Amino acid sequence: MQIQPAGIRFLQPHAVRAVLLALFGLILTLPGMEISFRNSTLFQQEKRGQKLEFDKQTPVIEFRAPESFRRAELLLEKQLPLPLFRKGILTVKLDCDPAVALENIHARIQEESGETLDFVCTTPVRDGRIHTFRIAIDPERPFSAWSGNRNRRIDFPAKFYNLALILKENASGRIRVESVIFEAELQEKQGLSAVAITLPSDQPVPLLDPRKSKRPELEFRNGGTQPFTVRAEIELSDFFERRLTRSGRLRLPPGSSPVRMALPELPARGIWKISCKLTDEKNGSVRLIERALCHLVPAGPETRPNPAFQFGICSGVSKLSDEELRNELRTAALCGAKFLRGSLEWRLIEPQPGKFDFSRVDRVLALCETNGIKPMHTLRATPAWAARDHRVWSGYPDREAWRRFVAAMAQRYAKKFTMWEIWNEPDLPTFAAFSADEYAGLVKIAAEEIHRLDPGTPVSSGGFATLSGYPGPRAAEFHRRALELCRELFDIHAYHEHGTFEDFARLVDQRFLPLRRETGCRMPWLANETSLVSVGGNERKQAEALVKKLVFAWSRGAIGYYWYDLRNDGVDPLNWEHNYGMVTREFQPKFVYGAYNTLASLLSAATFHADWSDRAEGYLYSFRIPGGRVLCGWNRGDDAEVVPVALPTGSAASVEEIDLMGNRRTIPAANGVTAIALVHTPRFWRIAGEEAQPAPLPRALSLKGPRVPGTAASGSWQVTIRNPFRVPARFRITSKSGSVTPAEVALQPGESRTSPFRFTRNDDDAIDLAAHAEGATGWTLACTVPLRRAYVPDLAGEKPLFVLNRQEQIHSSYGNDPGKVHMRWKGAQDLSGAIYLKQERDSLRLTVRVTDDVHVQRQSDPRQIWRHDSVQFRLCFPGQQGSWEIGGAESSGRALLFVWYAPQQFDPARAAKQFTLRCRRDNALVYEFTLPFTALGIDAATLRQGFRFNLIVNDDDGDGRKGWAQVAPGIGQIKDETKYPLVRFP
């Protein structure tokens, strides 16, 4: 029996379809495929002055007034897979009011790489109110394309997801989408396009348990009708960039029987990326296929939940098929997740007043029980029939309808959920189009019904999204007001804050915890949705962020941490909402999946003990476990820094060190002390023994001096070594970068000695140092200090000093709001820049070339230019008290310049009159600043001595400042000159 995708109905053909055998493959005609929009949404309908209603499951779009936004985008909630086809026709039949005048309509298809392809029809066939558009879809000839690999063709598999209707100016009225039918000539895959590669596994995620085998294999299947031979070149790589290769010649017969290739034995546990390059021996064509493998001992599902801390996961269960739901929950259970945040929406449970469909909730609960996972439930997502102004999902609900829904849920599912969460991210208008006072009314009703019908189950606040300052002051003010009104009703205070660990830690310590104190909150808090996106090659950083954020939240009193989310929501490599998952859409594991497994394996029975970060001069946290303790730590600096820590071990003769992927090694202890090293990637240390757990000892090895070579006299580096033992000891100091005199020292217990360090190499990016304890084999303190190389401008000013075109250089103001996906960076064509610095006689010349797809600058007040497209930069010169902050913008052909800050004894307004800005356009917008030395208070010698420099390019595409590209952090959010690179003219 053929199963049809949800939302698709195949029409009966009027005649027998011919089957044609073509030269390059089997071609057949597809019977008409009707696409249903009964489960669809209208993008930004409130903001655009539009409205979506359903008449007997048929969508009706209303353009409320002539000033409504002219483009309406009808989005399928679940993208519909399309068959492989040569050419197709999408026939769209619309019933339009007389005042409706359509300019064109667009069909959008997203393919395997994440590229979106747009196809258009401008000339309909009109029959009274009925307008029929026939959109020709040639996979090789889209009208436009964006994201993904940008090759402007459909790389199958592909999915249909969007229909856009464009009105002519001053048109308004209602449009009923009568039918959408897709017809196509199908082509069977042949050759490399028909090859499928899998890793044998009895789990949804490819898993090879190292206790059973260390040698994986690949299975190749030829889904075509003709046999052929390929050359396979395989490369395997892991988190720590170990690499293995294998190649071979494979004859692939057609059919479902696999051809197997054994891969090299894996030397380490973790997530292994597998890159397969296939070459067709007959025609030389090449195809690359990426796969991934979990080579680890699963942390679950057998382990018991930690009573002190919830290891949780988020999952979009509302949108999953039954098979996807089973696979997601099994995948979550395997890596040790014990708690689920994946509630179904009110609008799906009660689609019509009083008519409940609990079937999906029941299935989720049953599958959670099977996999040893405890679910919570979020009461959210207003149905259109219950919403004020019929605003589905985010609208304020009728209070009686809300009370009836909460009561029905609490009565049916009493004691089934770990907690009831009242709404999701109510501080964001995307999710809650109502005030904090109105939210408090919903909380009061929910608390009354839950306490009446499900007493003892905690009531949680909705997970508040952010305290970062986005979007303006609303989120923080909403959060504060909600706590003031509801703190006696909440049993749990939930908080999110997506993004980097550094931002998370800063906001928790400086805003979130103070807010709790100021509002008198005593209930525990829960990080029930937080993560880091893996866009832009960020998979390693994503894995590191999970460990750092979870451990830090635990140290600050959180009762749990839920990663968002288990599985990618899509396949677009630039769409943030498609890249939060621990596994891809196809259940291929990412590095973060291995990191979660390691955390759950080590800390499933742990309790938090102590924060030793200040003593360790890095981040270091201690946890008690049965039979001993586990420490987790990392440095405060960059990738190259190594911070040595002398750690008491009690009676243990050794310590087990565990890396992020769960690989273990033994490091020795001597005289009750072991030497560990804090690096950028978190590590764990397991120490056996029930003795008291003392803090780390004072730093035993340090290296201090000027971080930028050439800025101080040779020999100004100093090495200090301290004996951490309770007995006298001798130490031998070694370095590949230089020498220490004396190289061997004998020290009494606790005694320190400082000696000069002299460079013998000048080309290193870091200085390494090691202190070896004599008589203790393998006992070594390791220290590495990274050097900061100065950036040297091109004298001719022809080569850029900095180029801004990478994901890690982009700061998004909307990273915490899934309703603002369109506001996030989409690549270099969206925003990028090149920065040039040059000396011109007695002036400093700064040129910034900016590529920006949409230029917006609405300010006439130069002080406010930062709110739109503009440039801001800071200059920190030696000998000056304070820094310069200068900016420029182009508005309607006029250059605007402003000086926000100047060092002491300088007048910003006076300096601004001496600076000049010229803006011009070629294939980019070019800002040319000329800054006289006299106005800056410097001379040419200052440029040769070196100065700190930083710059950001602000971006506004029409909906406000959406973020910026930055040379380094320290301008857009907080002012921090220590993060700025050093520039030194030759």
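The paragraphs below lead through selected parts of this predicted model, from paired strands to packed helices and single residues.

Residues are numbered from 1 along each chain as its sequence is written, and side-chain values use heavy atoms, with hydrogens and water left out. Because the model is predicted, local features need pLDDT of at least 70 and side-chain atom pairs count only at pLDDT 80 or more, while totals for chains, interfaces and linings use all residues.

Helices and strands here are DSSP runs numbered from the N terminus (H or I over at least four residues for helices, E over at least two for strands). Strand S10, residues 116-121, is mostly covered, with 5 of its 6 residues buried, where buried means under 20% relative accessible area, exposed means over 50%, and partly exposed lies in between (1.4 Å probe, protein chains only). Two strands pair if DSSP finds at least two bridges between them. S10 runs antiparallel to strand S9 (residues 102-111), to which 6 bridges join it, and Val120 in S10 is the bridge partner of His106. The hairpin of S9 and S10 has 4 residues between the strands, and Gly114 takes a positive phi near 100° there. S10 is also joined by 3 bridges to strand S13 (residues 144-146), again in the antiparallel sense, with Ala145 of S13 as the bridge partner of Leu117.

Glu345 counts as buried because its relative accessibility is 6%. The side chains of Glu345 and Trp393 are joined by a polar contact of 3.4 Å, a term for a pair of N or O atoms within 3.5 Å of which, within protein, one must be able to donate a hydrogen and the other to accept it, and for which residues adjacent in sequence count only if both atoms are side-chain atoms. Leaving aside residues up to four places away in sequence, Glu345 touches Ser318, Arg380, Ala381 and Trp393, contact meaning heavy atoms within 4.5 Å.

Helix H3 (residues 359-370) has 12 residues and spans 17 Å from its first C-alpha to its last, close to the 16 Å expected at 1.5 Å a residue; the expected span is 1.5 Å times one less than the number of residues. Its buried residues are Arg360, Val361, Val364, Leu365, Leu367 and Cys368, and they pack against helix H1 (322-334), S24, H2 and strand S25 (374-379). Just after H3, Gly372 takes a positive phi of about 70°.

Thr930 is found in strand S55 (residues 925-932). Thr930 counts as partly exposed because its relative accessibility is 23%. Although Thr930 and Arg845 are 85 residues apart in sequence, they are 4.8 Å apart in space, C-alpha to C-alpha. Not counting residues up to four places away in sequence, Thr930 touches Ser843, Leu844, Arg845, Gln914, Phe915 and Thr916.
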